[in-house]
Each structure stands twice: as structure tokens, then as C-alpha cells.
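Reader: I would like to learn how to read a sheet and a pocket from a model. Please take one feature at a time.

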Amino acid sequence: MEKSNVGYLFRLAGKSSLLLLASAIFSIISGIMDFVPLVMLYRVLLFLFGDQPNMDLAMRYGMYAGVAIIVKFLTMMVSGALSHIGAFNTLYEIRSRLSAHIATLHLGFFTKTTSGKLKKTIIEDTERIETMLAHQVPDLAKAITVPLLMFIYLCTLSIPLALCLLLPIVIGAVILMIGMRSSSKYMGWYQKLVGQLNSSIMQFINGMNVMKSFNVTAKGFKQYSSTVEEYHKMWTECTKMQAWPYGMFLILIESGLLFSFPAGGWLYLKGAVDLPTFLFFLIMSIVFLSSLKSLSGFAMAISQILSGTEKIKDIMDLPQQDFGSHSEQLNEVKITFDHVHFSYEEDDVLHDVSLEVPANSLTAFVGVSGSGKSTMAQLVPRFWDIQQGQILLNDQPVESFSEESLMQAISFVFQDAFMLSDTIRTNIAVGKDQVTDAEIHEAAKAAQIHEFIMSLPDGYDTVMAEAGIKMSGGEKQRVCIARAILKDAPVVIFDEATSFTDIENERKIQLALNKLLQNKTTIMIAHRLNTIKHADQICVFDQGRVVERGTHDDLLRHNGSYAKLWKIYTEK
Ligand SMILES: Nc1ncnc2c1ncn2[C@@H]1O[C@H](COP(=O)(O)OP(=O)(O)OP(=O)(O)O)[C@@H](O)[C@H]1O
């Protein structure tokens, strides 16, 4: 974990870091004020044990001590308020920057990265940072500065006694350092396990229906139970490792008197310090060491802030997608894939694919699972950018288009229909500001979903989060088709759902598609071959290559891969 994460966090916080700085300064003042009454007490002791006790001056020092206590509480309050405001502003700043950055990433990023992981960073990690900043910044500033100032003051009274106060700390720190050499290993292990635990809990809850139907209990869910076991092992080992050095450290910190009493007594008897100074050091040996004790508790908090910052940094470091400046409202669109090579990581997923999808035609991508159909289709709206070759819309490279022009030109109907937690009306009109109810109804009618919506008690005002449970996969996909019909983009990429196959639903989807695809350039990723029998061209994918291309009849005559797929399909 880099130390620069601290700087990075404050850079992200922007102006809010000034509030945090102010909070730290007020906190230091409040810490100093904590210390003032003790100094005043020392002053009074000097008078009391001096040759000419001056009661007036003693009273005045008493008053100073009272004022210091009031100032301490006031500065503590101001510091707390500033740190909370600063931390909230930081949270806002980080979330805004994260959201703004995420909006500029390749669309494909969102299919790869689990939304749970993103959610965790945007909500949980930033929130933890906020809580930590609100509390730890003022406390840490005080815990470091005040003992240091105390020590300097004590050195002005007696250097040997001041050093003697440091002795238990130095011995304790050495023991801690030796004993906790391997703690960074545990910290990494801990972070890894917390991530695994979260993801397996999410998986278990999301897949509860499947788990239950296969009689899998939380304990029987191997991924979860083995993570819990490892978590238990990690904490047991970590606690064993930390117990003795931390225990020794605490004992030493509590035993300041063991060091200051004999040393101070000896110096007093030798006449090197006077009685008030000796007494003052005895008091300070308790106060000084306990003020340092709080420092040991910050390690965990700081490491949590740093690890949260690192996750934010990982997202912020993801490269942004650049768009071109070519702005054009496309109507009839021809798509050309020209010697396209693409890989997600190292191995090529698409190898030198060339293909033309003529304007206003239906091109179907078929092939076994993993052959590259979805990847190829996702390259058109630039979910990912290719490594070699070109993808052209009407002979213009996709990279040259402005984001608005490109997105305006393409509708993508995904398999797993995404729904906003909003009304059906908003879900159909998503992205369109000025649209009438009549237009929305017309799109829904064309998508064969109007009747269903009207049968709901709140009709188009039904909130999807509630209706979602009642909607079948086919109904949801028809809402998405209505969305695409309303968008009326010249290019449609349709990823046929594999999960719902009842005849009535298939018929309705087919009717909806007939409307959606009229006069459009369509790429259909097809799983049910009878839906694409009439496609203008069918491209058969195999291991990232288009191995056959033609109409249904051509390809059956050719008696190759497609004919085999068709045979398997019709025999099902
Ligand atoms: N986001 C991703 N990151 C890394 N690899 C991926 C990603 N998406 C797909 N792949 C890999 O790329 C290859 C092609 O996958 P793709 O989804 O394009 O195939 P497909 O033919 O559409 O399959 P299916 O019919 O099952 O959807 C597969 O090996 C797959 O594992």
C-alpha cells in the first residue's frame, strides 16, 4: 500500500481538506489546553514550596487553569464540527469524482466488473473513509502533537527526567516492532478475506432460490464456509501473534511511575531537581504516557482509510474512453468490420474478422457459447475498443464519432433487461426528455406490452421495483423493446434471451421485433435458430472467427457448421 495514498486522498478531498486541517489545528489547541492546568499546578507547587509563597499569583494561575478548561471544550467543539463538515464534503467530493469518472469508462467495464464491487467502493469504502476522517483526523493530530509539545516542555525542566519518561515508550515500541513484523501480511490477508466474504454472501443471497432448491445451506455453500473458516484462522493467528507484544506495550505504558519514581527520587536526593519538579514529573509520568497510548489505536483506522483510498484510486486510474468530434445524425447505417482483432486480456477473442452488415438488413450472429458473438456486437457501440482493424459506420471509424452521435445511432437490447426503480413510463422513455404519453403508449403497443401494463392497477405509473417481481423475463424484454422502438435508432443490436421459451411469449416477442426492426440495420445474437431463418445473412462464429456466412437456405445447402447447428436445434 503506497504512502502516497494519503496525499491522493487529500487531493481528492480538494478544498474540504482545508476544513480538515482547521479541525486538526483546533484539536491540537484543545489538547494543549488539556495540558495547561497541569502546568499551572506545577507553577502553584513552585510557589507553595518556594521561599515566598505568593497567594495572589497562585490564584491567578488557578484562574488560567479554569480558562484553559473552557477554551479546551470550545476548541474541541469547533474541531468536531469542522472535521464532520470536512469529512462529509470529502465524501461528497469523492463520490462526485468517482461517478463522473465511471461515466467516462468503456461501457464494457460494467459487464466485467460486478456491480457489487463498484457499489462497495462508492458507498461503503467512501463512507468508511468519511467516518474515519471525521474522527481520526482531529484525534491523530492531537495524539501526535500534544505529547511532542509536552516532551519539549518537560525537557526545559529536566532533560534526564524527560528522557526517563520516554524509556518505557522506547522499550515498548521496540517490542511492538519486533513482535508485529508480520502484521502487514495479516492486513493484506484480512482485506482479501473481507472482500471474499462480501462477495460470497452476495452470491449466496442473490442465488438463494437456486441454493435452496439444491438444498444448499449457508454452511454447505462451500465458497462461503471455507472463507469463514479462513477468516477464523486468520484472526486466531493474528491475535496470537499480537497478544504478547501488544500486552507488553500496554504494561510498559502503564508503568511510567516505575521509571520516574526511582530516577526522580535519585535526582532529587542529589539536588539535581527540586521537590515540585519531582512531583510534577510523577504526575506527568501517568498523563504523558496515557496520551501516547491512544496513538497505538490509530494503525488499524489509518490502514482502513488507506485501503479504501487504494480502491478508489484503482477505479480513478482506469483509462477514460475518448470520443471523436464527428457529429452526425445517422439514418441509414452500414456497419463494416474490417480485419478486426480483439482481446480482453492476452488471448485474442476475435481473430481478423471482416464482415459487412448492409444498411436496413438483418444480420444474425450464431455459434456455440463463447465463440465471440456478443463481443463482436458490443464492439459497435464501443463497449470495448479493438486492438487492430477498423469498425466503420457508413465508412466512418466508430472512434471518430462524438459520444452523443454514436449513442444516438444504436439501440442495444440486452438479454438481462435492466430496469430503473421507477415507473414503467420512465423506464420506456429512458433518456428521452420530451416525449408524450401517446408516443410511449404507441411504442408499448408495438412491443406487445401495452395490454399487460394496462392490466396493472397503476398502469404506466407502476413502479418497476414493485412490478419487477410480477413481470416475467419475456415481459421485461418487451419493455426493453418498447424502449428501443421509442428511441428509434437506425442500428439495433438485439441479444436474444435464452431463458424464456414459451410459445405465446415467443410469438409476442417476434411481433414486437417485427416492429422494432423495420427499416433498421440489425445485428441479432440468436440462440433460437427459427427466429433468424429469414435473416438477410447469418454469420456462424467459431472460436472468434466467422466460419460461414449466407442465408439460411445457402448455409443448409452448404451442409457445414450451420447445418449441424440447425440439426441439433430442430432435434431438440
Ligand atoms: N468481459 C469479459 N472479460 C474477459 N473475457 C470475456 C469477457 N466477456 C467474454 N469474455 C470471453 O470472451 C470469449 C467470447 O465470449 P462471448 O460472450 O463474446 O461469446 P458468445 O459467443 O457471445 O457466448 P454466449 O452465446 O454464451 O453469450 C469467451 O471466451 C468469454 O469467456
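Predicted model: local features only at pLDDT ≥ 70, side-chain atom pairs only at ≥ 80, totals over all residues.

Reader: How are strands held in a sheet, and what is the strand order here?

Author: Strands of a sheet pair through backbone hydrogen bonds, in a parallel or antiparallel sense. In this model six strands make an open sheet with mixed pairing, ordered β6-β7-β8-β3-β9-β10. The edges are β6 (410-413) and β10 (545-550); each has a single partner strand, so one side of each is left without a neighbour in the sheet. On average, neighbouring strands are turned by 20 degrees against each other, direction ignored.

Reader: In which sense do β9 and β10 pair?

Author: Antiparallel: β9 (residues 537-542) and β10 share five bridges. I538 has G550 of β10 as its bridge partner. Helix α22 (residues 561-571) packs on the sheet and touches β3 (362-367), β9 and β10. The direction of α22 makes about 90 degrees with that of β9.

Reader: Now the largest pocket. Which residues lie nearest its centre?

Author: They are F383, F412, F414, F418 and R483, out of 32 lining residues. The space in this pocket is about 1,300 Å³. Elements giving two or more residues to the lining include β6 and α14 (403-409), while α19 gives the largest share, five residues.

Reader: What is the make-up of the lining of the largest pocket, nonpolar, polar and charged?

Author: The lining has 20 nonpolar, six polar and six charged residues.

Reader: Why does the largest pocket lie between domain 1 and domain 3?

Author: Because domain 1 (1-158 + 296-321) and domain 3 (335-571) both give residues to its lining.

Key. Residues numbered from 1 in each chain as written. Heavy atoms only, no water. Pairing = 2+ DSSP bridges. Helix = DSSP H or I, 4+ residues; strand = E, 2+ residues; numbered from the N terminus. Axes fitted to C-alpha atoms, helices over the stretch in contact; angles between N-to-C directions. Contact = heavy atoms within 4.5 Å. 1 Å grid on protein atoms, 1.4 Å probe; cavity = no way out; pocket = protein on both sides within 12 Å on 5 of 7 lines; lining within 4 Å. Points joined across faces, edges and corners; volume = space filled by probe spheres on them. Nonpolar A, V, L, I, M, F, W, Y, C, P; charged D, E, K, R; others polar. Domains from an automatic or database assignment.
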